[in-house]
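Please consult the sequence and the structure shown here alongside the text.

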Amino acid sequence: MAPSLPQFSAARMRSYIFRLPLFTRGIILVIVLLWIAGMQSVWDVQKWGSLIPEEIGLSSMYRTNTFPLVHAGFFHAFMNILALTPLLERFEAEHGTLTTLALFMGPLSTIPALLYTFIERGLFHMNTTILGASIWVFTLIAMEAVKTYKSNPYFMLGTTQIPTWITPFVMVLFVSVLVPNTSFLGHVCGLAFGYGWGLGYLKFLAPPEWALRWIEGKLNLLGRLPHYVSVDQKTYGRYGVLPTTNATMSGHEEGRQRISQRQSSAVLLRHNPLLLKLPPYLSFFCIVVGVAWLLVLPLDDYSRKTYISENALLPGQVHTYFAGSDQNVFRGYKHEVDALEGKSNFEVNDKLEEFFKASGLKVARQKYEYTSAGETYSGENIYAILHAPRGDATEAIVLVGAWKNIEEELNRSGVALVLTLARYFKRWSLWSKDIIFLVTADSTAGPQAWVDAYHDTHQSPAIESLPLKSGALQGAVVIDYPFDHRFESIHVVYDGTNGQLPNLDLLNTVVSIASGQMGIGVSIQKMWKHSDSYQDRLQTMLRGMLKQGLGYASGPHSSFIPYHVDAITLQPFGEGWQDEMAMGRVIESTFRSLNNLLEHLHQSFFFYLLMQSSRFVSIGTYLPSAMLVAVNFTIMAIFLWIKSGSPKSPAKTASTKGEKRPLALVKQGDVKALVQEEIVTVRERELFLPLAVVAGVQFLGVLPLFIFNHTPQNMLQSVFIFTVILNCILPFLLSNSLIHYFAPTAQQYTLIKAFSLLLLGMFLSALATLNFSLAFLVGLFSAPLTYIQPLPKHPIIAGILAILLTLLAPTTIVLAGSWHWGLSIGQVLKEAAFGWDVWGMNTQVVVWCVWWPAWVVGMILLFGKPRVEERKGM
């Protein structure tokens with residue numbers, strides 16, 4: 001019989017905790033008490049108890065025993081307790097409480113600590129502080145690895161034999177790479193002692209048994225102390241292999257033994273009940289750790305201050321001259337812009353063309369027309385080019401001022417500032433790059449049409465080609481300044497389409513200039529008042545993740561980023577004493593910095609999460625959280641694949657009546673051997689139906705993707721309501737049809753789930769490197785699918801789970817998001833269709849072709865009724 005998914009038993013967990021031996025309980029209690037003591041500020045527990053190589057002396061030798069008990073925080077202490085408890089409990093049960101106390105408070109802590117101090121201080125000449133019980137964990141794991149090697153020397157990876165004793169080394173490497181601020185050297189020192197003990201070289205350090213018995217007898221420890229493990233109660237070898245004696249074997253006998261051991265190792269994963277129960281818990285552990293990983297990112301230990309990587313930028317190192325008479329020019333242009341309010345796009349461009357030509361610039365126009373959701377978006381862009389006196393027209397910077405901003409407000413001060421800066425920049429001869437001044441009809445279709453045409457990827461004749469061009473675009477700055485009063489701070493918008501981001505150096509340059517040189521505050525993600533607390537950092541990060549996950553364009557700058565043109569939007573906000581001249585000086589200084597570039601921005605990060613304008617985490621720090629959520633699906637898929645190949649009936653065990661297990665003949669070369677049949681038996685998998693179901697549902701996602709991107713706006717809401725209703729009954733209909741026409745077996749249902757989770761894990765793992773936030777969000781909403789299975793005998797539970805899964809369906813999440821932002825579902829779907837047709841947004845592909853099919857398969861499994869298979873006689 002195939003192993004079933006283990007169910008969490010609170011009673012068994014409670015029984016295990018209550019049976020923990022005395023020393024194990026004491027160590028857990030001490031770790032918890034020291035963590036609690038570390039929360040106060042009067043006495044620095046970490047500084048007192050940690051292992052600091054340069055402070056080790058006769059008066060501070062206690063540190064070699066206290067450092068495993070002290071931890072850096074709750075998460076550090078919790079994870080170490082979780083890993084240490086089963087290992088320490090097993091060691092104490094095998095060696096006794098007094099032996100364990102003597103070793104752990106003596107050589108088992110002191111020797112690794114002195115070894116670490118010698119290497120760190122004497123050889124490396126460093127002084128890295130270490131603390132935490134992980135050194136004990138790896139010491140005990142090394143002991144267990146040696147014990148395992150003696151009974152099972154190898155495990156098979158394909159056709160390759162891997163020694164079991166190297167497992168702790170692999171674990172140390174993984175921990176060092178995946179967990180920040182871990183000591184690789186400290187863990188290796190723990191492994192060294194563990195291997196020495198396991199091989200028997202260090203067992204002389206254990207106190208003699210006669211002395212322990214004398215102490216126990218004199219003090220009556222067994223009678224006085226509950227949960228005490230006596231020397232006579234210890235169970236050497238109870239977890240190991242019973243000793244055997246073998247006569248001298250011939251060559252053929254040795255060959256038969258090697259074949260038997262190799263075959264046994266090859267099927268360890270399939271027949272070891274402990275390993276088969278582990279994947280569901282490991283999968284859940286990955287989800288929990290992935291979420292916890294994300295939540296600790298705002299802490300100082302995991303995030304860092306922003307910095308300029310490209311030295312050529314030199315932000316804020318030049319004196320700005322935009323002031324004085326230029327303010328009168330700005331007011332004149334602003335008056336003209338106010339007079340053009342309400343005029344047609346062509347009338348506005350006629351006037352703007354006069355202004356640009358009066359400044360001595362070359363001017364061109366571009367008409368465009370898009371059709372999306374049955375609506376037409378048309379207009380005309382106008383732009384002017386300032387050719388660099390010191391350049392050769394091979395590079396250019398763009399200053400954008402849309403006539404209407406993303407909120408459809410007249411960008412009165414923004415356009416006036418673009419005109420003023422065009423006239424101002426023309427007077428300077430220091431430019432080494434061309435400057436393009438772009439005024440688009442809107443903030444959505446216009447910028448996209450212009451950027452597409454600039455790179456010759458536009459669709460003619462709906463979008464006209466550009467009559468004038470310059471060189472490669474090095475950067476773009478967008479001004480969104482719709483009001484005419486003074487402002488307090490600058491809001492920087494940097495989110496691009498499909499979660500793409502500009503180079504972090506561009507953002508850091510603007511922040512450095514505004515806050516450092518100009519004394520203007522800078523905010524991001526609409527966090528107008530940021531207190532630099534954990535809550536504000538987390539809220540800023542989650543807002544950025546949500547925008548990145550949705551993948552829509554947050555401003556005109558978003559159209560530039562897919563072409564590897566770093567761009568941001570600057571939005572003044574608040575009521576303060578800063579005026580348009582301050583805004584102009586920020587842009588002037590930014591353009592002077594971009595003018596210094598000798599090559600495209602590339603040295604800083606393109607993948608990051610911002611906690612505030614001056615704090616971030618890079619992809620190497622945050623990526624494991626999404627990967628852990630995604631890998632839980634892969635772990636369960638592999639587990640279900642192994643489960644599907646297990647025999648139908650449980651393997652027969654030798655009974656007291658002398659019943660023997662069936663044997664099978666295995667041949668390798670000229671050597672033959674008889675091994676247990678269950679070792680070499682793999683159940684045949686029926687793959688056609690599971691593959692057909694998963695592939696069919698996967699391709700079914702193309703239908704809603706096509707329908708919602710090609711339905712007229714006035715029908716979108718009705719079509720969506722119909723889709724929601726169909727979404728509730730479709731899985732039930734598909735499941736009943738599957739039962740009626742094909743009658744799947746339990747194995748086929750297992751394979752359907754395995755293939756679906758495998759695809760989901762594969763898609764999300766790949767997506768995490770491109771759009772981390774979208775992969776994390778979809779993985780989190782899909783996490784319950786890992787544990788869904790047919791429940792034909794429990795229809796009430798199946799109904800409750802179906803309701804809960806429906807609440808996590810893509811359609812339900814879209815409805816909840818529309819309600820949260822106060823938008824109608826028609827508006828949301830219209831913007832999504834516009835993003836698909838104009839911006840090339842691919843969030844819909846992930847939702848309908850990755851997330852939705854996995855959800856449908858989960859619902860089909862929930863309503864499934866496995867057919868009882870007939871067991872063939874022996």
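Predicted model: local features only at pLDDT ≥ 70, side-chain atom pairs only at ≥ 80, totals over all residues.

Strands are DSSP runs of E with at least two residues, helices are runs of H or I with at least four, and both are numbered from the N terminus; two strands pair if DSSP finds at least two bridges between them. Local features need pLDDT of at least 70, side-chain atom pairs count only at pLDDT 80 or more, and totals for chains, interfaces and linings use all residues. Residues are numbered from 1 along each chain as its sequence is written, and side-chain values use heavy atoms, without hydrogens and water.

- S4 pairs with strand S5 (residues 375-386) in the antiparallel sense over 11 bridges.

**Helix H32**
- Helix H32 (residues 825-839) has 15 residues and should span 21 Å at 1.5 Å a residue, the expected span being 1.5 Å times one less than the number of residues; the end C-alpha atoms are 20 Å apart, which agrees.
- Buried residues (under 20% relative accessible area, 1.4 Å probe, protein chains only) in H32 include Ile825, Leu829, Phe834 and Trp839.

**Largest cavity**
- A cavity is a set of points on a 1 Å grid over the protein atoms alone where a 1.4 Å probe fits but cannot get out, and lining residues have an atom within 4 Å of a point.
- The lining of the largest cavity includes Tyr494, Asp495 and Gln548.
- H21 supplies the largest share of this lining, five residues.

Terms used
1 Å grid on protein atoms, 1.4 Å probe; cavity = no way out; pocket = protein on both sides within 12 Å on 5 of 7 lines; lining within 4 Å. Buried < 20%, exposed > 50% of the residue type's maximum accessible area, 1.4 Å probe, protein only.
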